[in-house]
Each structure stands twice: as structure tokens, then as C-alpha cells.
Amino acid sequence: DVAIQPTSRWLNAASANLTIEQVPWVSSLPFDKKVQPIRSDNVVWGEEMDCPDSPFLDEPERQLEMVGLLDFHAQGFTGENVLVAVFDNGYLEVDELEGMSHLFKDARILATRDYVDGDNTLYHSCTHCKHGTYVFSILAANDTASGLVGSAPGAEYILFRTENDDSETRQEEDNWLAAAEFADSMGAQVFNTSLGYYFFDEGEEDYQFSDLDGETSIITRAGDIAASRGIIVVNSAGNSGQRGLNMPADGDSVL
């Protein structure tokens, strides 16, 4: 038996757990164009991220002013009636933060899915899964007492955990693709991802500079397909400024 993992209607593909003996058999199937190895995860227990406990509360207004959003907020444009899907590593304690309570009060988190562990405990998925909390606060926070106000506090949201901080493998691209197709089915209008892929764990094939062609990586192809369906796909160009561009930011339709 072959254990099927995420499937993709966009790419007409499926991930599966195969034994070495099964690979030639699957490769010989008449409908199978290509078999590409993808290693899943390599769990490291007990590792903590070195993250600050509290944000710098003068930063939100400065960044909102920088991109002109303060003027939009003053006119009442806060993201209302827009559905945003966020892809990250987890959203630790978002359900306990005062600045996020308005989202739960108004039932504006429409869905959550954890593609790493297969459950929906995104708010307490791991003790160091704070990156998604930080990113989500930049989007959705509304704590006027402290001055922490996000860019779109009036929007509706879908939260996905697609990134496994305990490893770096191409499985996370599959996770992102599965989440993207689900978000599309819910009518998401914007994707926000502060993740990128280029180097992987030992034993996993790294990407090369020539692969940054907008056509090679699964996550880039998925991002462009999402954009072709009318979704605004926003992605960090590369979390590591020293190295430069990551996938899927090489997509010609990825912002």
C-alpha cells in the first residue's frame, strides 16, 4: 500500500510515503510523469528561539505611515470584507492576547489548519512558534491602549501552520500548496507569507541560483497559480538579507 499525503489539483500531483522498493513501481505507472523525492522532517526537541518578549510599540505607527496606511485607516479602510490567509510557523498565544481579542469577539478567524502536526492547535503548537504571532500582529492587532495597531485589523483571516521550525525540508512546500488550495476554496483574496525556501537540511537537495526562474519550485508555481486565480500573493523576498531571494518570491506574479 502507498500512503498518500497532500494532493494538489493545481499541479495534478500527490505526495506519498514510499519505500525504496516502491519507487520503481510508482515511476512505471502510465499516468505518472515524474517522481521526485521529498524528505519530510527532522525533529529537534527542546530548542528555543531567541525572541523578544514584547514588541517595540513605536514601530507599528512608523511602518503604517511609511506605506501610507494611516491615511487609509483615517478614511475607515481597515480591511473589512477582505479575507486574508496567513501562512507561518504557528501563532503562539494569539488566543490569549488582548490586542487580538477583537478577532475572536467578532468571529473573524474563519478557519485554522496545522499542516505540520495535522491538528488545529495553532495557538499552542510549540513553545517557540512565535514568528507567526509577530507577523499576524503586524496585520491584525488592534490594541489602541498600547498603540499596537496592525495594517488590516478589520479583515477576516484564515491561519495556517505550514512551516516546521524543527527542520527545513521540501515537505513544507507541499504544506503551503495544500493550504493555498484550501484558502482558495474558502474565497481568500490575499495570501501573506513571511517564509521562504532555498537551503534545506543535510541530505535534502538545495536550490541553485538558476532555479530562481519562477518555474522550478513547487511553492513558486503554486503562488503564480494562486495569483492567476485573482489572489494577491504577498511573500517576503528573503528572510536572510545576506543571501537574497528565496522561493516563492521568484514568481513573476508574487508580490
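1. First, the ground rules. This is a predicted model, where local features need pLDDT of at least 70 and side-chain atom pairs count only at pLDDT 80 or more, while totals for chains, interfaces and linings use all residues. Residues are numbered from 1 along each chain as its sequence is written, and side-chain values use heavy atoms, leaving out hydrogens and water.

2. Now the overall make-up. The protein chain has seven helices and nine strands; these are DSSP runs numbered from the N terminus (helices: H or I, at least four residues; strands: E, at least two). Of the 255 residues, 45% are buried, meaning under 20% relative accessible area with a 1.4 Å probe, protein chains only. Take the contacts (heavy atoms within 4.5 Å) between residues at least 6 apart in sequence: 74% of them join residues at least 24 apart.

3. Five strands form an open sheet in the order 4-7-3-8-9, with parallel pairing; two strands pair if DSSP finds at least two bridges between them. Strand 4 (109–114) and strand 9 (232–235) are the edges, each pairing on one side only. From one strand to the next, the twist averages 15 degrees.

4. Zoom in on one pair. Strand 3 (residues 83–88) runs parallel to strand 7 (residues 156–161), with six bridges. Ala85 has Ile158 in strand 7 as its bridge partner. Helix 5 (residues 131–140) packs on the sheet, touching strands 3, 4, 7 and 8 (190–193), and its direction makes about 155 degrees with that of strand 3. Such angles run from 0 to 180 degrees between N-to-C directions, using axes fitted to C-alpha atoms, for helices over the stretch in contact.

5. Then there's the largest pocket, with about 1500 Å³ of space. A pocket here is an open set of points on a 1 Å grid where a 1.4 Å probe fits, with protein on both sides within 12 Å along at least five of seven lines; lining residues have an atom within 4 Å of a point. Among the 43 lining residues, the closest to the centre are Ala13, Ala14, Lys34, Val35 and Gln36. The lining divides into 21 nonpolar, twelve polar and ten charged residues.

6. Finally, have a look at Asn175, which sits in helix 6. Is Asn175 buried or exposed? Asn175 is buried, because its relative accessible area is 4%. Leaving aside residues up to four places away in sequence, Asn175 touches Tyr115, Val116 and Thr162.

Conventions
Grid points are joined across faces, edges and corners, and a volume is the space filled by probe spheres set on the points. Ala, Val, Leu, Ile, Met, Phe, Trp, Tyr, Cys and Pro count as nonpolar, Asp, Glu, Lys and Arg as charged, and the others, Gly among them, as polar. Buried means under 20% relative accessible area, exposed over 50%, partly exposed in between (1.4 Å probe, protein chains only).
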